[in-house]
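I am opening a notebook on a structure that is new to me. The entries follow the order in which I looked things up.

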Amino acid sequence: MLVFAASDKGGTGRSVTSANLAYQRAIAGDDVCYVDFDFGSPTAAAVFDVPEALGGVEHDGLHSYMEGTTGEPARVDVWARTQHPVLRSRPNGSGRLVLMPGDLSGGEFATDQDTLRRCVDLILRLNIEFDLIIVDLSAGRSYAMDMVLEATAQPELRGVEARWLVFHRWTRQHVIAASGLAFGAHGILAGGAARGHSEELLRDAIRFVRAAVPDPESPLWSHASPAQATWMETCNENLKRLASDRKIGDSVVLGTVPLEPILQWREQLITEEDVTSTKIANKETLEKLEEIAQRLTDDAYWGQR
């Protein structure tokens, strides 16, 4: 299964949440490939703590592959190459966890037929090899988004199930932007339909993830004054109405990730040890990530096919 991770703005938690979802599925036994199609800023390796590819690789990254200067894109075995102490001792029963990094100092590029063919070929090969492929796209209406919409509309990929996660923070700007990215004039739905996708099926394949959502009732906000607490509750209700009006209300939300203090300082994977041993992360955050990871392939949370 393909999962495309998209956002209309930066700072939505798209990459860090997607990497955590990949990790959760891998430790559950799936073979997972994380494809860094954020060509302008390929930094997913930082979340997996892979020092050799923190800002992309010098040679044979996905940018080079798409442009045809390398025949096979680089792969990183996260379990073997990470410096994260928990990941280095690969959990029993875990599946493969592979990162395909972008190029150092890469950038966005327009897609031609050769690029499109290489994209289709890559997806076909990965779909045979892995249970789950998470594709991290550049923020906004990017060339990467257009390319994968075009690729998945090709006859060879019609039988490959693809789902879309649109990430946004819980603010007015982000709600409006996320709705526009999915349903706007040049968004996922319109762009897909223009390339031959069924609008109904594509709509069913789009779900939203709210990231860094503050909970006014959590201990984190226990210091808030009564006036501040009332104001936060009012904002929350207003955002719910706005999201509903913009067609990204609760019925199409796959999950919500609470505001996690450690993620404000360092983009990283949240492990069981972070919650139980070092106690640097909140249990609720880990539980929400586990929940969203499970829902990725649970048809009960997606539209009817």
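**Entry 1: surface and overall form**

I began with the surface. The protein exposes about 13,700 Å², and carbon and sulfur atoms supply 48% of that area. I note here that this is a predicted model.

Next I looked up the secondary structure, and I found 14 helices and eight strands. The radius of gyration is 19 Å, close to the 19 Å that the globule rule gives for 305 residues, so I put the protein down as being as compact as a globular protein of that length. Along the principal axes, the C-alpha atoms fill a box of roughly 60 × 45 × 35 Å.

I then asked what share of the residues is buried. Of the 305 residues, 53% count as buried. I also looked at contacts with a separation of 6 or more, and residues 24 or more positions apart account for 77% of them.

**Entry 2: charges**

I looked up the charged side chains and found 30 positive and 44 negative. The centres of the two sets lie 4 Å apart.

**Entry 3: cysteines**

How many disulfides does the model have? I have to write zero. I took Cys33 as a case to follow up. The closest cysteine sulfur to that of Cys33 belongs to Cys119 and is 13 Å away, which is too far for a bond, because a disulfide needs the two sulfur atoms within 2.5 Å.

I also checked how covered two of the cysteines are. Cys33 is buried, because its relative accessibility is 0%. Cys235 has a relative accessibility of 27%, so I list Cys235 as partly exposed.

**Entry 4: positive phi**

Most residues other than glycine have a negative phi.

Ala212 is not a glycine, yet its phi is positive, at about 55 degrees. I located Ala212 in strand β7, which covers residues 206-213. Ala212 counts as buried because its relative accessibility is 16%, and the cut-off for buried is under 20%.

Lys279 is also a residue other than glycine with a positive phi, in this case near 60 degrees. I found Lys279 in the loop between α13 (272-276) and α14 (283-295). Is Lys279 buried or exposed? With a relative accessible area of 62%, Lys279 is exposed.

**Entry 5: His168**

I looked up His168 and found it in strand β6, residues 162-169. His168 has a relative accessibility of 0%, so I count His168 as buried.

Which residues does His168 touch, leaving out those up to four places away in sequence? I noted Thr12, His174, Val175, Ala178, Phe208, Val209, Arg210, Ala211 and Ile248.

**Entry 6: Gln268**

My last entry is on Gln268, which lies in the loop between α12 (261-265) and α13. Although Gln268 is in a loop, Gln268 counts as buried, because its relative accessibility is 9%.

I looked up how Gln268 stands to Thr17. In sequence, Gln268 and Thr17 are 251 residues apart, while their C-alpha atoms are 9.0 Å apart in space.

I then listed what Gln268 touches, again without residues up to four places away in sequence. Among them are Val16, Asn20 and Val47. The list also includes Ile262, Leu263, Asp274 and Ile280.

Definitions and conventions. Residues numbered from 1 in each chain as written. Predicted model: local features only at pLDDT ≥ 70, side-chain atom pairs only at ≥ 80, totals over all residues. Heavy atoms only, no water. Helix = DSSP H or I, 4+ residues; strand = E, 2+ residues; numbered from the N terminus. Rg over C-alpha atoms; globule rule 2.2 N^0.38 Å. Buried < 20%, exposed > 50% of the residue type's maximum accessible area, 1.4 Å probe, protein only. Contact = heavy atoms within 4.5 Å. Areas by Shrake-Rupley, 256 points an atom, 1.4 Å probe, with all protein chains shown as cover. Lys, Arg positive; Asp, Glu negative; His and termini not counted. Charge placed at Lys NZ, Arg CZ, Asp CG, Glu CD.
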